[in-house]
Amino acid sequence: RNGEIDSLPTAGNILAAAGTIALTYTPTSAPSGTRFLWGTYVDASNYTAILHDATNLIFRKRIAGVNTDATIANTFVSGTTYKMCASWGAAGQTIYLNGTAGTPNANTTAAQIGSTMQIGADGNSLQQPGMSIKDDRIWLRQLSGSEQAAVTR
């Protein structure tokens with residue numbers, strides 16, 4: 001069966017200047033290749049996404065073909081549930097996993113936001129993750145580090 005992708009319009013639901021995305025995911029297989037958990041796609045050179053590259057969970061803003069990433073090591077285990085949160089705004093980019101902060105990125109440029117966003121794909125209906133994704137939440141502001149840690153515990 002085809003993978004499930006939840007898609008919704010970005011207008012009124014997310015801001016380019018600042019925001020936060022939280023997800024809970026449970027992989028159904030061992031890590032392999034790049035898979036997107038959430039994304040909004042303008043074009044191949046401009047998008048904002050949460051992805052997994054088989055060894056790291058990454059919150060990426062791709063702007064004019066240049067990646068700015070906040071990362072945290074996560075060689076996930078099939079069947080294990082993980083809680084993550086990614087945020088952007090005046091404090092840069094951050095990512096949290098199960099209450100632990102990853103390596104932030106100081107980039108404060110607005111996120112690249114397309115007309116839709118997808119949970120379970122890259123924003124362009126590709127790179128589906130092979131995971132159960134649930135409890136997705138969006139804030140129209142950048143959460144503090146302590147708030148992100150609390151959301152992911």
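1. Phe36, Tyr41 and Tyr47 form one aromatic cluster. Rings of Phe, Tyr and Trp (its six-membered ring) are paired here if their centres lie within 6.5 Å; planes under 30 degrees apart are called stacked, over 60 edge-to-face, and the rest tilted. Tyr41 is partly exposed, with a relative accessible area of 24%, whereas Tyr47 counts as buried at 11%. Buried means under 20% relative accessible area, exposed over 50%, and partly exposed in between (1.4 Å probe, protein chains only).

2. On the source: this is a predicted model, in which local features need pLDDT of at least 70 and side-chain atom pairs count only at pLDDT 80 or more, while totals for chains, interfaces and linings use all residues. Residues are numbered from 1 along each chain as its sequence is written, and side-chain values use heavy atoms, with hydrogens and water left out.

3. The count of aromatic pairs comes to 4. Another of them is Tyr25 with Tyr82, stacked at 5.4 Å centre to centre with 25° between the planes. This pair links distant parts of the chain, since Tyr25 lies in strand β2 and Tyr82 in strand β7, 57 residues apart. Strands (E, at least two residues) and helices (H or I, at least four) are DSSP runs numbered from the N terminus. Tyr25 is buried, with a relative accessible area of 0%, and Tyr82 is buried at 9%.

4. The largest nonpolar core has 22 residues, of which Leu23, Tyr25, Trp38, Ile50, Leu57 and Met84 touch the most other members. At least two of its residues come from each of β2 (19-27), β3 (35-43), β5 (56-63), β6 (66-73), β7 (82-89), β8 (92-97) and β10 (116-119). The largest share, 4 residues, is supplied by β7. A separate second core of 6 residues includes Cys85, Tyr96, Leu143 and Val151. A nonpolar core is a set of buried Ala, Val, Leu, Ile, Met, Phe, Trp, Tyr and Cys residues joined through side-chain atoms within 4.5 Å.

5. Leaving aside neighbours within four places in sequence, Leu23 is in contact (heavy atoms within 4.5 Å) with Leu37, Trp38, Ile50, Tyr82, Lys83, Met84, Ile119, Ile133, Lys134, Asp135 and Asp136.

6. Arg62 is buried yet has no salt bridge, and the nearest side chain of opposite charge, Asp43, is 7.0 Å away. The side chain of Arg62 reaches the backbone oxygen of Ala44 at 2.9 Å and that of Gly65 at 3.2 Å. Apart from neighbours within four places in sequence, Arg62 is in contact with Ala44, Ser45, Asn46, Tyr47, Asn67 and Gln112.

7. The whole structure holds 2 salt bridges, each defined as a side-chain nitrogen of Lys or Arg within 4 Å of a carboxyl oxygen of Asp or Glu. One joins Asp69 and Arg60 (2.8 Å, N to O); Asp69 is partly exposed at 22% relative accessible area, and Arg60 is buried at 13%. Glu147 and Arg141 also meet in a salt bridge (2.9 Å, N to O). Here Glu147 is partly exposed at 29%, and Arg141 is partly exposed at 38%.

Notes: Lys and Arg count as positive and Asp and Glu as negative; His and the chain ends are not counted. A polar contact is a pair of N or O atoms within 3.5 Å; within protein, one must be able to donate a hydrogen and the other to accept it, and residues adjacent in sequence count only if both atoms are side-chain atoms.
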